[in-house]
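Welcome! Here is a short tour for anyone meeting this structure for the first time. Please have a look at the sequence and the fold before reading on.

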Amino acid sequence: KLEGLKTIAVTTNGINLTRLLPRLKEAGLNAINISLDTLVPAKFEFIVRRKGTNLSSKATVLILAGICLLYLQVNCVVMRGFNEDEVLDFVDFTKDLPIDVRFIEYMPFDGKYCCFEFFSSEV
C-alpha cells in the first residue's frame with residue numbers, strides 16, 4: 001500500500017475477477033468498476049467474445065466484490081436493439097446490493113464521424 005492513497009480502483013469485465021480478487025484486495029484494492037452490459041448469458045458471450053463464459057459466475061462476482069470491497073460500481077452501456085430492454089432488470093438485480101449502477105449511452109464513432117443511428121432515445 002502506498003501512503004497517501006485513499007482509493008485504489010480497477011475497471012474490469014470481471015472475467016478473471018473471482019480468481020484475482022483475493023490478491024487484489026490484499027494489495028490494497030478498495031474500489032472496482034465492473035463493465036456489465038447484459039444479464040442475458042448469450043448476449044454476454046457475444047460481448048466478451050468467449051464461448052462458455054458463465055454469466056452466473058459474473059453475478060456471484062458482483063455479490064462477492066460488493067461484500068469484499070468498500071465501493072463497487074457497475075457500468076452498463078445501453079444499446080438500442082441489444083439491451084435497452086434490460087434496464088429495469090439491472091435496477092432489480094442491484095437494488096438490494098451495495099452497488100452503484102451507471103447507465104451509459106452507447107456512442108459509436110467511426111474515425112472522425114459519429115454513427116447517430118445507434119443512439120437510443122428511448123431510455
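A residue counts as exposed when its relative accessible area is over 50%, as buried when that area is under 20%, and as partly exposed in between. With 57%, Asp85 is therefore exposed. Keep in mind that this is a predicted model.

**The overall fold**
- The chain has four helices and six strands, and they follow one another in the pattern β-α-β-α-α-β-α-β-β-β.
- Of the 123 residues in the chain, 34% are buried.
- Among contacts with a separation of 6 or more, 63% join residues 24 or more positions apart.
- The chain exposes about 8200 Å², and carbon and sulfur atoms supply 57% of that area.

- In soluble globular proteins, nonpolar side chains tend to be buried together.
- Here the largest nonpolar core holds 14 residues, and those with the most contacts inside it include Leu17, Ile32, Leu72 and Phe90.
- Two or more residues come from each of α1 (17–26), β2 (31–35), α2 (41–48), β3 (71–78) and α4 (87–94).

**Helix α4 and its surroundings**
- Val87, Phe90 and Thr94 are the buried residues of α4.
- Viewed down the axis of α4, these buried residues fall within an arc of 60°, so they line one face of the helix.
- Their cover includes β3 and β4.
- Beyond its neighbours within four places in sequence, Phe90 is in contact with several residues, among them Leu36, Val74, Cys76 and Phe103.
- Phe103 belongs to strand β4 (residues 100–105) and is partly exposed, with a relative accessible area of 33%.
- Together with Leu88 and Val91, Phe103 makes a nonpolar surface patch of about 290 Å².

**Salt bridges**
- The structure holds three salt bridges, and a network of them links Lys43, Asp85 and Glu86.
- Lys43 and Asp85 meet through their side chains at 3.8 Å, N to O. Lys43 lies in helix α2 and Asp85 in the loop between β3 and α4, so this pair ties together parts that are 42 residues apart in sequence.
- The side chains of Lys43 and Glu86 meet at 3.2 Å, N to O. Because Glu86 also lies in the loop between β3 and α4, this pair ties together parts 43 residues apart in sequence.
- Glu86 has 2% relative accessibility and counts as buried.
- Lys95 pairs with Asp92, their closest N and O atoms being 3.0 Å apart. Lys95 is exposed at 54% relative accessibility, while Asp92 is partly exposed at 47%.

Methods. Residues are numbered from 1 along each chain as its sequence is written. This is a predicted model: local features need pLDDT of at least 70, side-chain atom pairs count only at pLDDT 80 or more; totals for chains, interfaces and linings use all residues. Side-chain values use heavy atoms; hydrogens and water are left out. Patches are made of residues with over 30% relative accessible area and no salt bridge: like charges are joined within 9 Å, nonpolar side chains (Val, Leu, Ile, Met, Phe, Trp, Tyr) within 5 Å. Accessible areas come from the Shrake-Rupley method with a 1.4 Å probe; for residues, only the protein chains shown count as cover. A salt bridge is a side-chain nitrogen of Lys or Arg within 4 Å of a carboxyl oxygen of Asp or Glu. Buried means under 20% relative accessible area, exposed over 50%, partly exposed in between (1.4 Å probe, protein chains only). A nonpolar core is a set of buried Ala, Val, Leu, Ile, Met, Phe, Trp, Tyr and Cys residues joined through side-chain atoms within 4.5 Å. Contact means heavy atoms within 4.5 Å. The arc is that of the directions from the helix axis to the C-beta atoms.
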